[in-house]
Structures are given as structure tokens and as C-alpha cells.
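Subject: Structure handover

Hello,

Here is the structure we talked about. Please open it alongside this message; my notes follow below.

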Amino acid sequence: MGEATRRGGAPKTDLEKGYDAAEREQIARVRQGAHRHAVLNLGRARTAGDQSARTDAVAAIHAEAARVLDDATESFLRAARDGPAIAARIACRKGCAFCCYVQVEATVVEVSGVAAVVEKDAALVRSVLETAPRVAGLDALGRARARVPCPLLRDGACSIYADRPRSCRALTSYDARRCEDDLNQPDVPREPTRTFTWPRVLASAATEGIRGACRDLGLQDCTVELTEGVAAVLRDPAIVARWLAGEAVFPEYKATRGA
Ligand code: SF4
């Protein structure tokens with residue numbers, strides 16, 4: 001594995017560029033596996049007899065992609081020559097939440113999976129519905145300037161940690177101080193914070209696979225902003241059925257500088 005030579009970089013647009021044969025194979029496996037699993041479960045969701053079965057089928061896609069990503073990251077850190085050094089360098093800890101004040105880009109599948117968890121907790125539902133209007137329409141820089149915490153942040157920790165989206169799951173930092181600076185001074189131009197790249201590459205591969213499955217089935221395949229998307233599902237759970245029927249019902253993610 002060549003992580004030592006590329007750690008700190010952002011995921012590449014061409015996901016497989018610059019990786020060795022084994023890495024390219026793993027990227028392709030994650031993408032294809034996510035695609036296959038999504039086609040299967042989206043098909044189940046479309047023919048489900050009720051909303052609960054529909055929600056379960058869509059949530060299963062998010063859960064499986066999360067499991068694959070977590071397993072692959074753990075295996076890498078265990079097996080790679082520089083794995084232990086990377087693990088020791090990762091600054092992320094429970095209670096450190098400087099990165100939970102930014103926009104989170106997520107697929108419709110992730111948003112539906114997260115909404116299914118959030119709806120079981122009345123306080124979280126309230127938090128999402130109160131926050132959504134405050135962040136609606138903001139781009140990444142506007143959101144950073146607004147300093148609005150993620151509505152799923154509770155006592156400094158992610159309240160849906162096991163079910164958090166891939167963007168959150170795959171993001172690590174080698175420097176918590178830099179994350180704090182990014183939060184406090186969003187207008188100051190800086191080099192991107194140094195991160196462990198491999199999980200982000202695999203998360204992007206899973207996203208590509210799932211979005212490809214949506215396209216193949218004629219579904220809106222855009223990404224959405226997490227808070228806005230979850231709020232849309234909580235306000236109107238039937239929106240997922242309409243999406244599964246091929247309607248373009250979700251507002252597309254708005255990315256700008258650094259997003
Ligand atoms: S979903 Fe969890 S990890 Fe992601 S931004 Fe929100 S609180 Fe943070």
C-alpha cells in the first residue's frame with residue numbers, strides 16, 4: 001500500500017489514479033459491491049408493501065456501505081506497514097467536534113437511512129427541523145461562516161455515530177488545532193487539513209456505486225446536504241416513495257470553495 005506517500009491529499013477525481021494494482025482492485029470491489037447491493041435493495045424498496053419495509057430496504061444500503069468502509073479501514077490500519085503510525089496520528093476523539101459545523105454531503109440513500117434513525121428520537125427530530133431553516137440554501141462557505149452545529153451533535157458527540165454518513169465516517173484529521181482554526185476562521189485561506197486519505201477514497205467509491213445504481217434505475221442520483229435532506233424526509237416521509245418512483249424531489253447539494 002502506498003498510503004505513506006499520499007496521506008494528507010484530498011480524494012482524487014479519478015479514484016483509481018495513482019494507486020497500485022491491489023488498491024485499484026479494492027476500490028473497484030467497493031464500488032461494484034455498493035452498486036450491486038444498492039440495485040438489489042432499491043428494487044426491494046420499490047416493490048415494498050408499506051413504508052416501514054421501504055425504509056428498511058433503503059436503510060440497509062447505507063448500513064452495508066458503512067460496514068464495508070469501517071471493515072476496510074480497520075483492515076488497512078492493522079495490515080499496512082505504516083498503519084500503526086497513521087492510527088497514532090489520527091487526532092479525532094469523542095468530544096472533539098470542530099468538524100461538525102460544516103455542510104455534510106450525502107446521498108439520498110444515506111439521508112433516508114439517517115432519517116430512519118432520527119425519527120425514533122423526538123429531541124433529534126426537533127433539532128433537525130429547527131436547524132434546517134437556518135442552513136437552507138447556504139453553500140459550504142456560508143455554512144462555515146454561520147457556525148451552526150450539526151443538529152445531530154449532542155453533548156459534543158455524534159448522536160447517531162453508528163449510522164453517521166460516509167463523509168463523516170471517512171473524515172479524519174491529523175491536527176485538531178487546524179480543525180479548530182477552520183471553524184473559527186472560515187475565511188482564512190489554508191492548505192486542506194491533513195487527513196488519512198484511504199477511507200475517503202473508499203467512501204467515494206461506495207458513493208459512486210450507489211449513485212450509479214440510482215442512475216441505472218432511473219432515480220434522482222444527486223447528493224444532498226444532510227440536514228436539509230433529513231428534514232425533508234422527516235417533514236414528509238412519502239418523499240422517499242416519490243423518489244423511488246423516479247421523481248426528482250430532493251434539493252441538490254450546493255458545493256463551493258473547498259467543498
Ligand atoms: S452526522 Fe454526526 S459526525 Fe456528522 S456532522 Fe453530524 S454530528 Fe458530526
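Predicted model: local features only at pLDDT ≥ 70, side-chain atom pairs only at ≥ 80, totals over all residues.

α3 and α5 cross in a left-handed sense. The contact draws on T55, V58, A59, I61, H62 and A63 from α3. From α5 come V109, E110, S112, G113 and A116. By class, that contact holds six nonpolar, four polar and one charged residues. Helix α3 covers residues 51-79 and helix α5 covers residues 108-118. Their axes come within 8 Å, at a crossing angle of roughly 110°. The angle therefore makes α3 roughly perpendicular to α5, since 65 to 115 degrees counts as such.

Helix α10 runs over residues 198-216. The axes of α3 and α10 come within 10 Å and cross at roughly 155°. That is over 145 degrees, so α3 is roughly antiparallel to α10. Here the crossing is right-handed. On the α3 side, the contact residues are I61, A65, V68, L69, A72, T73 and F76. They meet W198, P199, L202, A203, A206 and I210 of α10. The class count for this contact is twelve nonpolar, one polar and no charged residues. Note I61: it is listed in the contact with α5, and also in the contact with α10.

Next, α6 and α11. Helix α6 spans residues 122-135, and helix α11 spans residues 226-235. They pack at an angle of about 125°, and their axes are 9 Å apart. That angle makes α6 oblique to α11. The crossing of this pair is left-handed. From α6, the residues in contact are V125, V128, L129, T131, A132 and V135. From α11, they are T227, E228, V230, A231 and L234. Sorted by class, the contact has eight nonpolar, two polar and one charged residues.

Now the ligand. Which residues are around the ligand? They are C100, V104, C150, L152, L153, C158, I160, R164 and C168.

Last, the chain as a whole. How many helices and strands are there in the chain? There are twelve helices and four strands. Along its principal axes, the C-alpha trace spans about 50 × 40 × 30 Å. The chain has 259 residues, and a compact globule of that length would have a radius of gyration near 18 Å. The chain has 18 Å, so it agrees with that expectation.

Best wishes

Terms used. Residues numbered from 1 in each chain as written. Near = placed C-beta within 6 Å. Axes fitted to C-alpha atoms, helices over the stretch in contact; angles between N-to-C directions. Helix = DSSP H or I, 4+ residues; strand = E, 2+ residues; numbered from the N terminus. Parallel < 35°, antiparallel > 145°, perpendicular 65-115°, else oblique. Left-handed = near helix turned anticlockwise from the far one by under 90°. Contact = placed C-beta atoms within 7 Å. Nonpolar A, V, L, I, M, F, W, Y, C, P; charged D, E, K, R; others polar. Rg over C-alpha atoms; globule rule 2.2 N^0.38 Å.
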